[in-house]
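Hi,

Here is the structure I promised to pass on to you.

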Amino acid sequence: MIQGKNAWNKSLTKNMEVRKISGRDVFTFMDMKNNYYEILENTVLNYPEEIAFYDNWNREYTYTSFIEMVDDFAEFLKEKGIKKADHVGILLHNSVEFCVIFYATCKIGAVAVPFPSKYRENEIHSLIEKADLNYLVADEEFQSWVDSYQVKFPITYSIDEENGYGFRHVQMPKGDRGGSVGRLDDEMILMFTSGTTSTSKGVVMKNYNVVHATMVYQRLCNISSLDTTIIPVPIYHVTGLIALLGVFVYAGGLVYLHKRYDAKRILECIQKNHITFMHGSPTVFNILLEYQSEYVNLSSLRMILCGSSYMPIEKIKCLHRWLPSTEIRTVFGMTETASPGTLFPTDTSMSSYPSSAGKPIPGLDLKVVDENGNELKKGEVGSVYIRGANVVEYYYKMNSSLFKEDGWLDTGDMGYVNEEDYVFFVDRKKDMINRGGEKIWCTDVEDELVSLPEVDDAAVVGIPSEKYGEVAVAVIKLKKGTSVTEKYIKDALQKKMARFKIPEKILFLDTIPKTPGMKTDKRYIKSLFK
């Protein structure tokens, strides 16, 4: 077992001790605020006139004006009968309106339920049915989808955001400063995991899970009021909501809110506004890499975090060649960890272990076990279990075998730990391919595919085989101006890996299919080979 509190320099665990919260003994901060609203209050005291946000139309909001908007909307919710522990749904794009609603729910101790604005109507309906909402705030573009729910709970729409604050049409009361009611062990966020709506799980994050995650990120990445960022991912995911919005409000930094992902607009914003920090998925950075020849000077970027799925080593090196002065660090996290799980302590691209996801963050323990739950030796591949201050306690209205004794959570990932306590994730357990008894880790094959000079991106999945039970297949996106055959790819791989690992079929696509959360859509890719 690796304990995150021992994996980092002691200066990074200052003022952290074991304390009991929600019936658990957790290693965490002794000076934690009770909730995000208290954090916002503290930031307003320290940076009252600093700009907190530029919205999609480049309108600015100071921390003082932002908390006033939050106070007013919190009072509005209370007048509508919303109280502590009630569920408030949020169906909005990346916007200051989203941020206002989120922090208002934190103030009154309600539970924020962010819905994916990229989903289709039937998917949103499925999640609403699971969420037990007491209130919903939605963008006007979704009105035809959700208006029928007015018989079950009130709905307020954000309108015409392009021309002003989306709630200017609402008779908004004047809210008082302060008076938040959420405690550390109170539920704060109900967030549904990605995947099909029938199998998505409602992850219940408590205040202490989220506040711990926020403070750890800020400390390990040294984020300050001088930092600026863009939220290039959906704000309704843990990366956008906690690792960017929450962390930057905690630090008093500046956030650019882009309504939708637009690679060229992001790069122009970095260049023009001297963005210092970014956190996104491999997909986000792969698309940005396509424009590297147009944006050769992005020297303001001091740090990039890359997570949510595996980033091939060659892509990490490409990022480093493009951004040689930027520290590039890989991170592993889950909705169930309120974002951070492991983080690379230095520049991944310059490390001896570029395929590692780093070390467990302070406050998180990690172990690798066999099929019977017995801990394995270092270097042996098994199931990765975690527990800690930022690991949630349960799913919403759902018993799960993933939660084990003594607070351990089965991440669903396969991995191992080396002698220096670096963690390596080799594959999702469900994605591992068993070819006649031989195990194939998709990430290994994807690494070799992307290392070929003609290949821009690739994904490997397993499909049924009468002879072997399962075999590997791949989809490949080629670099512009290149053209190769399936035989060429297979011949090139034979020089790099065992024959049984080589994909039996290869499809060439214009783009690698992604989920609404911008992760590789392996379920859909498998369907392409039926």
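Below is what I found, grouped by region. Please keep in mind that this is a predicted model.

**The sheets**

Another open sheet has three strands, ordered β25-β26-β27, and its pairing is mixed. β25 and β27 (505–508) are at the edges with a single partner strand each, so one side of each has no neighbour in the sheet. On average, neighbouring strands here are turned by 25° against each other, direction ignored. Strand β26 (residues 469–478) runs parallel to β27, and four bridges join them; valine 475 has leucine 507 in β27 as its bridge partner. Helix α13 (residues 486–494) packs on this sheet and touches β25, β26 and β27, while its direction makes about 125° with that of β27.

Strands β10 and β11 are also worth a look. In β10 (residues 187–192), five of the six residues are buried. β10 runs antiparallel to β11 (residues 202–206), with five bridges between them, and phenylalanine 192 has glycine 202 in β11 as its bridge partner.

**A helix with a covered side**

Which residues of α11 (residues 313–322) are buried? They are Lys315, Ile316, Cys318, Leu319 and Trp322. These residues lie on the same side of α11, because they cover an arc of only 155° around the axis. Their cover includes α9 (263–273), α10 (282–289), β16 (327–332), α12 (442–451) and β25 (455–465).

**The nonpolar cores**

The largest nonpolar core has 129 residues, and Tyr36, Phe53, Phe102, Met205, Ile242 and Leu245 touch the most other members. Apart from it lies another core, of 23 residues, including Val111, Phe115, Leu127 and Phe142. As for phenylalanine 53, its contacts beyond four places in sequence include Arg59, Tyr61, Phe66, Leu245 and Leu257.

In soluble globular proteins, nonpolar side chains tend to be buried together.

**Two buried residues**

Asparagine 35 sits in the loop between β3 (24–29) and α2 (36–46). Is asparagine 35 buried or exposed? It is buried, because its relative accessible area is 0%, under the 20% cut-off. Its side chain has a polar atom 3.0 Å from the backbone nitrogen of tyrosine 37, and a polar atom of that side chain is 2.8 Å from the backbone oxygen of glycine 182. Not counting residues up to four places away in sequence, asparagine 35 touches Cys106, Ser180, Gly182, Asn207 and Val211.

Proline 114 belongs to strand β7 (residues 111–114) and counts as buried, at 5% relative accessibility. With neighbours within four places in sequence left aside, proline 114 is in contact with Ile90, Phe98, Ile189, Leu190, Met191, Tyr236 and Leu241. Proline 114 and leucine 409 are 295 residues apart along the chain, and their C-alpha atoms are separated by 23 Å.

Happy to talk any of this through once you have had a look.

Best wishes

Terms used:
Residues numbered from 1 in each chain as written. Predicted model: local features only at pLDDT ≥ 70, side-chain atom pairs only at ≥ 80, totals over all residues. Heavy atoms only, no water. Buried < 20%, exposed > 50% of the residue type's maximum accessible area, 1.4 Å probe, protein only. Arc of directions from axis to C-beta. Contact = heavy atoms within 4.5 Å. Pairing = 2+ DSSP bridges. Polar contact = N/O pair within 3.5 Å; in protein donor to acceptor, adjacent residues only side chain to side chain. Core = buried A, V, L, I, M, F, W, Y, C linked by side-chain atoms within 4.5 Å. Axes fitted to C-alpha atoms, helices over the stretch in contact; angles between N-to-C directions.
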